[in-house]
Amino acid sequence: MRRLEGLEAQRQEAPDQQISLSDPDARSMATSGRGSGVVGYNVQVAVDREHHLIVTHEVINVGNDRSQLSPMAEQTKAVLEVEELDVVADRGYFDSEEILACDRAGITVTLPKPMTSRAKKQGRFGKEDFRYVADEDVYVCPAGERMTYRYKREQDGLMLRYYWTGACSTCAIKDRCTPSKERRVNRWEHEDVLEAVQRRLDENPQAMRERRETVEHPFGTIKARMGATHFLMKRLKNVRTEMALSVLAYNLTRVTNIIGIRPLIQAMGA
Ligand code: SF4
């Protein structure tokens, strides 16, 4: 018990309140299963849709992907030496400021928004039930009322504009909308960038299936080659080297399968 109390004190003092005894650099990773988790590393890959080659990769020890979209996308753009890039990512990468950074760097992003609406979970109208009219800067609510701009305020680093209508107190469908005096809808000052992301997803509903098929190919191959899916090395620096070798081996066999061994040797010699 004394040993565990000592470890607990150490854990509390750690900058991210985590300590890993088997590998000091490994961290708890978010996993999709509720209540599940794994202590390890987070491998980021950008895979090209046509040949399933890994364009760039990174190993980090941050437990989620929220801050990885623009660094990975910009790195991919630099490797490919292109002016424009289309990126499809999963919902774990959804972050308003990351999406804006991509937009400013000439990177077109398609990814779904995580479902976090409390109103929707409680059976009330979600934000998507309110239509924005850009010309007039108003929202039209499900009852057809116009919600006008009232004020703006910064929240979690984002400047949000607030809209509402004075018609809520006499609204026939208010119980499906809000338990408060009136329903308020907020809009990020760069919300048009997020709306464009959603539009692209609506226009291409296959995008997420294609993403899965594209990125799981290298992951599946690399994991199968690793055996029990564990890294052999410890510490971030060493794990990065191990992963780089795995990526190199995957890409080499992939190119061999696509163009054949002789053309590959010729290309390498050129
Ligand atoms: S409660 Fe207000 S915002 Fe909601 S539908 Fe009615 S009028 Fe519109």
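This report covers the domains, strand pairings, helix contacts and ligand shell of a predicted model.

Numbering starts from 1 along each chain as its sequence is written. The model is predicted, so local features need pLDDT of at least 70 and side-chain atom pairs count only at pLDDT 80 or more, while totals for chains, interfaces and linings use all residues.

**Domains**

The protein chain divides into domain 1 (20-113 + 201-269) and domain 2 (118-189). Their bounds come from an automatic or database domain assignment. The centres of the two domains, taken over C-alpha atoms, are 37 Å apart.

**Strands**

Helices (H or I, at least four residues) and strands (E, at least two) are DSSP runs, numbered from the N terminus. Two strands pair if DSSP finds at least two bridges between them. Strands of a sheet pair through backbone hydrogen bonds, either parallel or antiparallel.

An open sheet of five strands has the order E7-E8-E9-E10-E11, with antiparallel pairing. Strands E7 (131-133) and E11 (185-188) stand at the edges with a single partner strand each, so one side of each has no neighbour in the sheet. On average, neighbouring strands of this sheet are turned by 40° against each other, direction ignored. E7 is joined to strand E8 (residues 138-140) by three bridges, and the two run antiparallel. Here Arg 131 stands opposite Val 140 in E8.

Strands E3 (residues 42-47) and E4 (residues 54-60) also run antiparallel, joined by six bridges. Val 45 stands opposite His 57 in E4. The hairpin of E3 and E4 has six residues between the strands, and His 52 takes a positive phi near 60° there.

**Helix packing**

Axes are lines fitted to C-alpha atoms, for helices over the stretch in contact, and angles run from 0 to 180 degrees between N-to-C directions. Angles under 35 degrees count as roughly parallel, over 145 as roughly antiparallel, 65 to 115 as roughly perpendicular and the rest as oblique.

| Helix pair | Axis angle | Axis distance |
|---|---|---|
| H2 (residues 69-80) and H3 (residues 96-104) | about 20° | 8 Å |
| H3 and H5 (residues 191-203) | roughly 85° | within 10 Å |
| H7 (residues 236-259) and H8 (residues 261-269) | roughly 120° | within 7 Å |

Two residues are in contact if their C-beta atoms, placed from the backbone, lie within 7 Å. For residue classes, Ala, Val, Leu, Ile, Met, Phe, Trp, Tyr, Cys and Pro count as nonpolar, Asp, Glu, Lys and Arg as charged, and the others, Gly among them, as polar.

H2 and H3 are roughly parallel to each other. Leu 69, Ser 70 and Ala 73 of H2 meet Glu 98, Ile 99, Ala 101 and Cys 102 of H3. The contact of H2 with H3 has five nonpolar residues, one polar and one charged.

H3 and H5 are roughly perpendicular to each other. From H3 come Ser 96, Ile 99, Leu 100 and Asp 103, and from H5 come Val 193, Leu 194 and Val 197. The contact of H3 with H5 counts five nonpolar, one polar and one charged residue.

H7 is oblique to H8. Val 255, Thr 256 and Ile 259 in H7 face Ile 261, Pro 263 and Leu 264 in H8 as contacts. The contact of H7 with H8 holds five nonpolar residues, one polar and no charged.

**Ligand shell**

The ligand is surrounded by 14 residues, the closest being Cys 141, Ala 143, Cys 168, Cys 171 and Cys 177. A residue is near a molecule if its C-beta atom, placed from the backbone, lies within 6 Å of it. By class, this shell has eight nonpolar, two polar and four charged residues.
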